[in-house]
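Have the structure open as you read.

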Amino acid sequence: MSRTRQMRRHAQKMRRSGLQPMVIIDRDDQFPDVAAVLLARALWRYRSELGPVYLVAALAVGGAVLHVAHPGWWPWLLALAGLAAWVLAMFGERLGLSPRIERLYAAGVVMGAGGWLSAATALGPTVPPLPVMLVGGSIALAAPWWTHRRRRARVRVDRQIAAWPEIARDVGLAGSRAQSAVVDVWGWRARFALARGQTIQDVIAKVPAIESALGTFRGAVRVAPTRDGKANRFELRVLDRDPHADAIPWPGPSVSSITEPIGLGPFEDATGARVLLLRRHGLFGGVAGSGKSGGINVLMGNLSACQDVVIWAVDLKRGMELQPWASCIDRLATTPEQARAMLRGAVTVLEARAEWLTANGRRVWDPTPEHPALVIVVDEYAELADDAPDAASDTDSIARRGRAVAVTLIAATQRPTQKAMGKGAVRSQMDVRVSFRVRERKDVDLILGQGMLSAGWHAHTLNAPGKFLLSAPEHDTPRRGRAYLLTDATVAETAERHASIRPTLDEVSLHALDEAHMAPDPTPSVLVAPSREDHAETALREALDGAPEEGLPIAHLLILTELSRPTLYRRLAELVKAGRAVQVGRGRYKAPDHTG
């Protein structure tokens, strides 16, 4: 007999004995919840939306009970409601009601609910027109509650946090749990604890999966270490919208001294990206069109407002980028020869200040209007390394020895490779790194430092000009910022306004530069018949002779003569005294015999 027939005969015997065969398919599913449990869960899940309904129900029941048990309590209830409303209106900020409109709304709800409850306690909740007042008032006061943006955002975040265990399991971070969450203007942020063996590097690798699980747009999730530095903690920030989608106009200078942190733009949490540049060298990097020039303009706008800073600049694109700031720049080099001379002069200033500090028993140069700091801004540093390679030793010396004597180097370039930075110690001495968008992931480490890409500094994901990541001693977590926008008109207006407050170099530095200028070069590389001074004198006279009726501005004369601002002023004063030049207007000169 086959096995099938045996099983059939066995089943027939079981049925004759009163037994009914049954098949059970077990998928480890739980039995469905009863309707009461499902209803309770729904009421709890939507407690925020149903809050006004719960309040109306509580008032109706409370009014009925108090009318029967204590009808004489109505004056006390009314007084208590008035006191609570006053406290909310005056001190609601301490309870989290920061906007005034929210405090007034809370006070109005409390006063309305307390007034109705007092009337219901005295008269009864069913006495007209109390039922109509309860329904109509609840609808009127519930509308702002239901439409309030921050309440809806908080509810959405609460539900996402409640669903985090499932999300964590789906993205491969099972065991992590939420500890706290805060809703802000542009989204929300939360603090999470990781399971054993998990690190923040694991979370960074899961960012795309987290964005998918939360249903956000691409690039909306940020992961950063917590402020306490614990290895099993991380902070998750989720943006509802991009706060840096549009350009942000420059509000004006954020400093009046180099000793103050300079504001480059806002971070995504609306705090300012401020960084101190005194005794620190800086590096601005990013591909063409990423906003480096805008960042340099923000820097120049702030530095030009400081009366304790002298600005020297190198722009080997013939002054295309920095020429608009010429009136605020003490020396502007637009050719490789000018750049070499300027950097050689910066080393001379550095050494003279160091000798002066030693002679006076001091260790650092404290910037003041009489003893200003010297900031050297080099745009497109790679061009300097290619066109003036012999200047690399000077920039290297400035980077290594310039901190104590307040000589600062700021370099901007697209890819700060070791070759582009002159094969010296310049890049390693840059304490402040500002990375705009880069094209390749490996460029992140070139600009911000080795290992920064794996630590979450993803400059290759920046998606708009002006967006940047700031790395500095006080900024050690990856936070996105956007540089302020300075239009051409703003640059021109700012440069004109700040030109009158620009300081000159201190006597120590000027004396050292004059001595270096007068000293003969022991090993001249080429024989030049006319000296630099002769060229400057000739250029100055030709410029004054050919000046228009309104004269030439100082900024133009600086470029033509290649002189420093103090030297040019002294030479112009000599010419005016000798009758060979006249001053026309503010900061404009021409030859006295000019006929137009």
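Which residues point one way from strand 13, and which the other way? K467, L469 and S471 go one way, F468 and L470 go the other, and all are buried.

## Ground rules

This is a predicted model, in which local features need pLDDT of at least 70 and side-chain atom pairs count only at pLDDT 80 or more, while totals for chains, interfaces and linings use all residues. Residues are numbered from 1 along each chain as its sequence is written, and side-chain values use heavy atoms, with hydrogens and water left out.

Strand 13 spans residues 467-471 and is mostly covered, with five of its five residues buried. Buried here means under 20% relative accessible area, exposed means over 50%, and partly exposed is in between, using a 1.4 Å probe and protein chains only. Strands and helices are DSSP runs numbered from the N terminus: E for strands, at least two residues, and H or I for helices, at least four. As a rule, side chains in a regular strand alternate between the two faces of the sheet.

Strand 12 (residues 430-435) runs antiparallel to strand 13, joined by three bridges, and S435 stands opposite L469. Strand 14 is also antiparallel to strand 13, again through three bridges, and there the bridge partner of L469 is R480.

Zooming out, eight strands make an open sheet of mixed pairing, in the order 9-8-10-11-7-12-13-14. Strand 9 (331-333) and strand 14 (480-482) sit at the edges with a single partner strand each, so one side of each has no neighbour in the sheet. Two strands count as paired if DSSP finds at least two bridges between them. On average, neighbouring strands of this sheet are turned by 20° against each other, direction ignored.

For a parallel pair, look at strand 7 (residues 281-285) and strand 11 (residues 407-413), which share four bridges. One link to look up is L283, whose bridge partner in strand 11 is A411. Helix 14 (residues 392-401) lies across strand 7, strand 10 (373-379) and strand 11, and runs at about 125° to strand 11. Angles like that go from 0 to 180 degrees between N-to-C directions, with axes fitted to C-alpha atoms (for helices, over the stretch in contact).

Helix 4 covers residues 74-91, 18 residues in total, and reaches 25 Å from its first C-alpha to its last, close to the 26 Å expected at 1.5 Å a residue. That expected span is 1.5 Å times one less than the number of residues.

Which residues of helix 4 are buried? They include L77, A81, A85 and L88. Down the helix axis, the buried residues of helix 4 fall within an arc of 70°, so they line one face; the arc is taken from the directions from the axis to the C-beta atoms. An α-helix has 3.6 residues a turn, so residues three or four places apart point the same way. The buried residues of helix 4 pack against helix 3 (51-69) and helix 5 (100-123), while the face turned away from its buried side carries the exposed W76, L80 and M90.

Most residues other than glycine have a negative phi, and most peptide bonds are trans. Here are some exceptions. P128 and P129 are joined by a cis peptide bond, with omega about 5°, and P129 is in the loop between helix 5 and helix 6 (130-147).

R279 isn't a glycine, yet has a positive phi of about 60°; this residue is in the loop between strand 6 (272-275) and strand 7. A406 also has a positive phi of about 60° without being a glycine, and lies in the loop between helix 14 and strand 11. A406 is buried, at 0% relative accessible area.

## Cysteines

How many disulfides does a search of the whole structure find? The count is zero, with a disulfide taken as a pair of cysteine sulfur atoms within 2.5 Å. For C306, the nearest cysteine sulfur is that of C328, 11 Å away. C306 counts as buried at 0% relative accessibility, and C328 counts as buried at 2%.

## One spot on strand 1

A181 lies in strand 1 (residues 177-183) and is partly exposed, with a relative accessible area of 36%. Setting aside neighbours within four places in sequence, A181 is in contact (heavy atoms within 4.5 Å) with V157, I161, R189 and A190.
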